[in-house]
Amino acid sequence: MKRLAIILTSMCIFLSLQAQENATFRFGYLSYEAALKSMPDYTIVQQKLSDLRQQYQDETLRVEDEFNRKYEEFLEGQREFPKTILQKRQTELQELLDKNLEFKEHSRMELEKAEQDLMAPLKIRLIEVLGTIGRQRGYAFIVDTDTKALPFINPAMGQDLNQQVQDALK
């Protein structure tokens, strides 16, 4: 098993050295996030998301106000309530609190889904533009510099595509 691993590793090293001698790889790099933000539809998507966030926030405030009002009423009358009414009100408050928490979680998931759905066409368009540019210029790959996984890019071997991609997306 060790022999097989050594042989395969040796072959990979040999092939990669041969490939480097015969061809130089060209690549492009860009900030994916900056490219997305440069798209004309990006501001429209962000406005839709902002409006949706505001609607959920408004509804959250409304149900919190309703809960607070009912809780204050409960506190004011708890001394005079018979035991069964007191228990019923406590149960109602707990149910309302549970529903509010469930609504907040549901809202968060709905906002995430809406963002994914609204951003999907923009991301597809960006990928298509990157593919076109990559094929036209003969790149082996295009790297996203936003990940900070590349502390150094040799500009003699790669090309900064930020401006070209932003121009193509307009």
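Reply: There is an open sheet of three strands in the order β2-β1-β3, with parallel pairing. Strands here are DSSP runs (E, at least two residues), numbered from the N terminus, and two strands pair if DSSP finds at least two bridges between them.

Me: Which are the edge strands?

Reply: β2 (141-144) and β3 (158-160), each of which pairs on one side only.

Me: Before we go on, what kind of model is this?

Reply: A predicted model, where local features need pLDDT of at least 70, side-chain atom pairs count only at pLDDT 80 or more, and totals for chains, interfaces and linings use all residues. Residues are numbered from 1 along each chain as its sequence is written, and side-chain values use heavy atoms, with hydrogens and water left out.

Me: OK, back to the strands. How many bridges join β1 to β2?

Reply: Four, and the two strands run parallel. One partner pair is L30 with D144 in β2.

Me: And how many bridges for β1 and β3?

Reply: Three, also in the parallel sense, with β1 covering residues 27-30. F27 stands opposite G158 in β3, and Y29 stands opposite D160.

Me: Which way do the β1 residues point?

Reply: F27 and Y29 point one way, G28 and L30 the other. In a regular strand the side chains alternate between the two faces of the sheet.

Me: Are those four buried or exposed?

Reply: All are buried, meaning under 20% relative accessible area with a 1.4 Å probe, protein chains only (exposed is over 50%, partly exposed in between).
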